[in-house]
Amino acid sequence: MSDSLPTQWDLETGVVAIGSGGGGLSAAITAHDHGARAIVLERAEQVGGVTAYSMGEVWIPGNHLAAAAGLKDSVDAGYRYVKSLSLGYGDDRAILNQAVHGPVALKYFEDKIGLKLLLIRDLPDYYFPANPDGLAEGRYLEVAPFPAQSLGEWQTKTRVSPHVPYGLTHEDIFHGGGMANMMSWDFNRMAERLTKDERCAGPGLAAAFVKGVLDRGIPIHTGVQVESLIHDGRRVVGVRASKDGKTLHIRAQRGVVLAVSSYERRPDYAKTLGHQLNPVSMVMPTVDGAHLRLAGALGARIGRVPDVTMLGFHIPGEEQEDGVPLWRGALPFLGLPHTIAVNREGKRFSNEAFYRSVYFALDAIDGGTQTHPNFPCWVVFDSQARAKYPFGSLMPGQEFPEGFGAKADSLEALAQQIGVDVQGLTQTVARFNGYCESGVDPEFKRGTHPWGAFMCGDAAQKPNPNMGPLLKPPFYAVQLSRMAGGGICSTGLMADEHCRVMGWDDRPIEGLYAAGNSVARMDNGALMQSGITNARGMTHGYLAGRHAAGKPSDLLQKEIARLGL
């Protein structure tokens, strides 16, 4: 049940945004700009949320920056692309709503808060050219280096990321040899930016929205735990929260926006709401499903789509805040030359250079043995890879720390160490090495996705940037853990075109909104396209803020009429 009305409010405002990632911040900004007072409540002591942990890509088809660069695209093409790849798990109206409003929200924040996004040139959509509506470039955007000193006292309170090189833009990385060739990056430029605290990637994107909130005088309260929603019998009118052991009743005259990301730091939620067994996580400990507990008390409906399963590893000694182990994602290491991923039979099971292939294969179940045949799994590589490429924070040639991975002078000895089938591994490597001569992988088509070649390959490796033989001992292996999706989970709150949370009666719960990863992924279904998460958070915040302020957008209805849907 929700809380009853208090006899006295400790604080009153128009819109309460719970969560300080892109969704919550954009909702507060939009509500304020449309005439409603707003505040932001953040459970942690730092702001920026999962947005600040990301690579900062924003994927928006039909955006004006691509058009200005002479690149041909359209909202319709973006809609068709997502719909065709959602496998029917999405909702056509939700997909169209994101397609229509993504470019609008982008232009809005560019004009209103001075958000400066840049085209990421030459970065193709995941499924280009296989999908007819995929593009070779133009839909990926990233923030220009953001001067964090402009945040004043909030400079140190705004998150940076332990996962991404936020001193460099994508252009810097790609022109410096790509993700594979870190040793060729311009570290002088990185050092200069870090010295000035000019933030790129997710930290820069989050900081830009924090600045937009601060410029408007919108209060941000950190260390605030929202305990429950307050409902007056007709609508949500506020929240009960706590800070430093004190209970706070905060009135929201226009509405409450839940923008707290997902639930992946709750393993029991991951198991029961998704199909994630014993997952680890790369995000902060506060991402534990608060939106589901808060809205669930009011009968909110949830929706589920296929999981975004990932793989990760932990290097001993690396920790997050509060001593929590720091887990790193295995992308892009799996797709590097001289590297393969194998199951317990020592066999490859997917296209390692395209993580969607890897992660869907992990979830396969062998009905004959009632097992997951491809999990557990290991990444296996040779000394060529170790000499050329970093592995997480371990630089080329750097010895692995005690207790991390396995190392052996032969593949047979390596297989015995890690407990995989010896003959299976040796035969797999021999077969893969033969494929490397022609650069053609007839089993899994490794290196055929331009996105994978660009993000996970080495352009200097011929004839296939993702394929190089495993020949030189010693050989290495690291067991990989199943990782939740970086805040992108399978289950979220159902919401309408204005991001109002829906009840099981298929009616909106008045006064309650959701944004970003708190919203069920009906706007992309089974598709995961990097950058779509930041785009939908920004768009949801824009839509929720407008509606809460009494000025809802009618663009979706106009588009439906135009298309005759």
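**Close-ups of a predicted model**

Ala 17 stands opposite Val 40 in β2. That pair makes a handy way into this structure, which is a predicted model.

**View 1. Strands β1 and β2 run side by side.** Strand β1 covers residues 11–18, and it is joined to β2 by four bridges. The two strands run parallel. Between them in the chain comes helix α1, residues 22–33, and together β1, α1 and β2 make a β-α-β unit that is right-handed.

**View 2. Strand β2 is mostly covered.** This strand takes in residues 38–42, and five of its five residues are buried. Look at which way the side chains go: Ala 38, Val 40 and Glu 42 point one way, while Ile 39 and Leu 41 point the other way. Whichever way they point, all of them are buried. β2 also has a link to strand β8, residues 220–222, through three bridges, and these two run parallel as well. Which residue of β8 is the bridge partner of Glu 42? Thr 222 is.

View 3. Val 15 lies in β1, and its relative accessibility is 0%, so it counts as buried. Leaving out residues up to four places away in sequence, Val 15 touches several others, among them Ala 31, Ala 36, Arg 37, Ala 38 and Ile 39. Its contacts also include Arg 254, Gly 255, Val 257 and Ala 548.

**View 4. Helix α4 packs against α3.** Helix α3 covers residues 75–85, and its axis comes within 9 Å of the axis of α4, crossing at roughly 145 degrees. The contact is made by Val 75, Tyr 79, Val 82 and Lys 83 of α3, with Asp 92, Ile 95, Leu 96, Ala 99, Val 100 and Pro 103 on the α4 side. The crossing is right-handed.

**View 5. Helix α4 also packs against α16.** Here α4, residues 92–113, meets α16, residues 555–563, at an angle of about 115 degrees. Their axes are 10 Å apart, and this crossing is right-handed too. From α4, the residues in contact include Arg 93, Asn 97, His 101 and Val 104. Among those they meet in α16 are Leu 555, Gln 557, Glu 559 and Leu 563.

**View 6. Three strands form an open sheet.** The order is β3-β5-β4, and the pairing is antiparallel. β3 (58–59) and β4 (117–119) stand at the edges with a single partner strand each, so one side of each has no neighbour in the sheet. Two bridges join β3 to β5, residues 140–143, and the bridge partner of Val 58 in β5 is Leu 141.

Terms used: Residues are numbered from 1 along each chain as its sequence is written. This is a predicted model: local features need pLDDT of at least 70, side-chain atom pairs count only at pLDDT 80 or more; totals for chains, interfaces and linings use all residues. Side-chain values use heavy atoms; hydrogens and water are left out. Buried means under 20% relative accessible area, exposed over 50%, partly exposed in between (1.4 Å probe, protein chains only). Two strands pair if DSSP finds at least two bridges between them. A crossover is right-handed if, with the strands pointing away from the viewer, the path from the first strand over the helix to the second runs clockwise. Axes are lines fitted to C-alpha atoms, for helices over the stretch in contact, and angles run from 0 to 180 degrees between N-to-C directions. A crossing is left-handed if the near helix is turned anticlockwise from the far one by less than a right angle, and right-handed if clockwise. Contact means heavy atoms within 4.5 Å.
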